[in-house]
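Here are a few notes to read alongside the model. Take them in any order you like.

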Amino acid sequence: MDHSTFSIGDSSVQKFLDVAYDQRWELLKPTIVHIYMQEKNKIARLAERMKGEYSFDAQVHQYRYHFKKWGIKKRITTKEKGAVISALGKRRLKDGASTSDAVLDQGGFEKAVDKTQLKRHINQTIRQSGPLTWTPGLFLRHDLPYDALSSNTSHSQSSPSNDNPATPGYLTINSPQAAASPSESRNAMSPTMQLVERKVLLDRAELLLGGREQDLMAILGEDEKRSVITWLHDFWIFSFMTTKYWGRGPKTWTRSLIESISLPRDSALSDDQSEPVGDKLILSTPTQHCRWAIHSRSRGYVEKEQHPKSNDQSGRQFDINDDSTWKKWPKSRNPQKITTVLSLPPYLATNIIPSPRSLATIISYGFHQNIFTAVQVEDIPLAADSILKTVDKFPGKLQAECLGFAIMSRNRNAISSIINDLSTSDLRKGVSSTYPFHLAAKFLDGAKTCCLVMEQLIFELRLFNSIDDNYIDNYGCTVLDTLFVTILRSHSTVSPQTLSDAFIGHARYPGQEVDPCGRWDADSPCVRHLYASGRPTIPHGWKHIFCHTSVQAICHCIFAMFFPSSRPDINTPSGLFGKQCRHCGLELKVKPLHALVLTAFYLANNGMPGETLFGMVACLVCLLTYRADPCATAEYSIPALLGYGSADECQHSAMNAAELASRIPSEIVGSWSPEIILGWKLFTAILEQDIRMRREKHAAPQFGNIAPGHALIPRFTWPCGHRIHSYEAENRREIVYCGNRQLGRIWAMIQAELLSYRRLSEQSPWLSPGFEMEMLLDGLENESLDEISVGTWNVFETLGAHSTCGHFYAMKHMSYARMEEACTGYHSNLDDRKRATFVAALDWDW
């Protein structure tokens with residue numbers, strides 16, 4: 001007897017009465033499933049029919065047991081509904097896509113999706129999901145266009161290289177043909193499919209707003225990824241340029257205006273190359289000539305006029321391609337309502353907008369009107385309307401996002417305006433999530449603002465978001481670490497993952513769009529064409545050595561960070577160069593000066609041609625002056641750093657920064673250029689001499705008043721008569737170290753060098769003829785700097801009068817001097833007005 005043949009509705013169907021009862025379950029399974037699923041009988045009715053029609057007597061609980069065993073159920077689980085929605089969502093824009101295309105496999109039997117159940121589930125999920133929210137910093141990350149991001153080898157959070165997850169094996173989707181356009185497909189959708197699409201788009205919007213870009217990219221198709229990434233990047237460059245030029249020039253930045261200035265088609269090729277080479281274009285490259293900022297005598301936080309006022313009558317013609325001709329916006333005497341000026345949607349009209357020309361207002365307007373991109377709103381595979389409403393619902397968070405763009409674009413007027421408009425709650429919560437001080441260190445601009453953005457943030461956020469409270473970011477890096485990263489990012493070939501395990505998977509540095517010595521910016525045509533060509537990183541050929549402009553900006557930021565009362569602890573452990581012992585598992589973490597030594601090592605090993613390490617010497621002396629502890633020790637291992645750590649034994653030991661430098665293998669040091677070797681010798685000699693001096697003074701009984709936590713740093717030792725020490729005493733704060741006359745002399749000489757010299761041509765030396773590092777090294781080793789320094793500075797006649805701690809007596813600023821205060825005569829070559837920007841420094845009322 002062939003028991004496998006069976007046909008429902010056939011009067012001659014087999015009842016398998018001659019088969020044992022337990023075996024009849026499998027033989028009667030098709031009949032049981034058909035009556036239960038296809039004829040939609042309840043289990044009790046199923047039991048009655050099976051008993052009456054097939055002489056099969058079973059209890060309700062027995063049917064339930066076997067249905068569970070077979071995987072048979074009438075209701076679709078939440079997991080299955082989610083899979084159906086996801087699978088249909090991928091195919092929603094294809095012609096004729098329908099819920100009827102989805103079939104579930106249940107124990108070998110196909111089950112169509114119940115539309116009523118699916119609709120009920122979607123509506124209930126949307127109701128229960130609650131309102132969307134977002135965290136400031138979301139839009140600050142999308143600086144790369146699609147082609148550049150696609151070619152980025154890293155698997156960073158926004159990488160579009162993730163594969164779409166496979167549809168579960170129990171679900172089959174009968175795919176229809178592709179539609180002609182998304183709008184045509186939407187018009188042809190059934191009500192259920194429209195609901196499915198809404199759910200899919202809302203889920204995707206939630207992933208984006210929640211900062212889960214990687215998860216979002218994993219579920220998008222290639223065309224969808226391109227649309228989303230292009231839309232986000234276009235909004236990034238719109239926000240950057242709107243913020244950078246806020247207060248002058250064009251008031252509304254449209255896509256065509258942005259592209260005409262930052263992405264002109266006629267500047268893609270180099271002047272000497274008009275044809276493609278192979279399959280790549282030879283792009284224009286920036287100049288190797290630095291720009292620089294000069295601190296003027298003006299008081300306050302207002303830059304010296306660099307642009308014509310709104311009522312300027314000089315006759316200069318407005319040129320859209322020359323921002324120096326752009327007039328400042330006139331002050332509005334009769335502010336109008338935002339809805340009158342910008343015609344925003346009704347639900348936005350109730351939001352607080354402090355001024356019709358506030359930065360947040362302009363950016364919100366552009367966001368709503370989609371004026372910044374060619375991607376149409378209906379083609380964005382996200383719930384764009386919900387994203388807009390969510391952003392509008394939290395105006396304080398939008399302000400915090402705008403503050404991030406203001407920091408990145410270095411618009412100090414915009415920074416002040418936004419901080420003044422933010423509430424106390426937003427200052428405490430929203431702003432901190434963007435890590436403003438780290439942003440300022442990443443987007444450092446020594447050519448136009450120098451340290452002033454950092455100084456301004458420290459001053460204006462001191463009450464509710466001080467640098468002391470926000471000194472460490474989500475990667476465990478301090479603001480000082482970020483300055484070290486900026487040095488290596490801009491002046492070496494070192495990759496990010498070399499610096500910290502937290503950067504593994506990052507092939508590019510944040511902030512690389514801005515050159516600290518002013519040779520390119522995020523909206524420069526060379527950068528935008530580079531990214532448009534699919535190249536995500538700044539070419540090594542664009543970089544040059546750690547130059548005076550960058551060195552000055554870094555040192556001035558150190559002043560700004562560690563002078564005020566809200567300053568962080570300068571000896572906070574570093575988040576860079578961390579390793580782990582392969583034998584005992586100990587985390588090997590370094591102190592700030594150890595991190596500086598390793599930064600100098602990588603700059604020496606991977607720096608650009610012509611590097612001298614003068615900048616690292618300057619940073620070292622600056623940090624020592626501001627009480628970085630050279631005697632502090634840390635457990636570390638050179639073998640672990642260089643990649644040959646052993647699992648058989650511990651290779652780490654406690655060492656100070658000078659001991660760490662001395663353990664760099666001699667064969668590596670010997671491979672460097674003579675200029676770098678000289679700079680390294682001077683760098684290590686300064687460390688060793690300062691440690692020796694501090695230990696000698698610590699051993700002397702008259703210097704027994706020791707700072708808590710800094711056993712080798714005397715308190716108020718060797719007072720030199722500079723008024724900064726009177727300020728310290730009055731405020732009971734230790735700011736500068738004044739116990740090493742040799743160190744102070746070097747610091748004074750470094751400041752004079754930075755204030756008076758720049759490399760004006762590619763044939764000029766990077767250091768002035770008056771700054772001879774070999775003579776400095778010899779003077780330091782022979783303790784004769786007092787004599788040598790005068791001879792060294794004959795080119796500049798002589799240094800200005802300065803204290804034991806290296807501060808000039810004539811200085812007006814609390815921390816850094818101007819050229820005329822550092823030198824008795826005027827011997828500067830910084831007066832090239834085309835390359836120099838005059839900025840105001842805050843005069844300190846001693």
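1. How many disulfides does the count come to? Zero, taking a disulfide as a pair of cysteine sulfur atoms within 2.5 Å. For cysteine 450, the closest cysteine sulfur belongs to cysteine 451 and sits 4.2 Å away, so it is too far for a bond. Cysteine 450 is buried, at 2% relative accessibility, and cysteine 631 is buried too, at 8%. Here buried means under 20% relative accessible area, exposed over 50%, and partly exposed in between (1.4 Å probe, protein chains only).

2. A word on what you're looking at. This is a predicted model, where local features need pLDDT of at least 70 and side-chain atom pairs count only at pLDDT 80 or more, while totals for chains, interfaces and linings use all residues. Residues are numbered from 1 along each chain as its sequence is written, and side-chain values use heavy atoms, leaving out hydrogens and water.

3. Now have a look at arginine 663, in the loop between α29 (657–662) and α30 (666–670); helices are DSSP runs (H or I, at least four residues), numbered from the N terminus. With 37% relative accessibility, arginine 663 counts as partly exposed.

4. Who does arginine 663 touch, leaving aside neighbours within four places in sequence? Its contacts (heavy atoms within 4.5 Å) are Ile638, Ser653, Ala654 and Met655. Proline 639 is 24 residues away from arginine 663 in sequence, yet their C-alpha atoms are 9.9 Å apart in space.

Definitions and conventions. Helix = DSSP H or I, 4+ residues; strand = E, 2+ residues; numbered from the N terminus.
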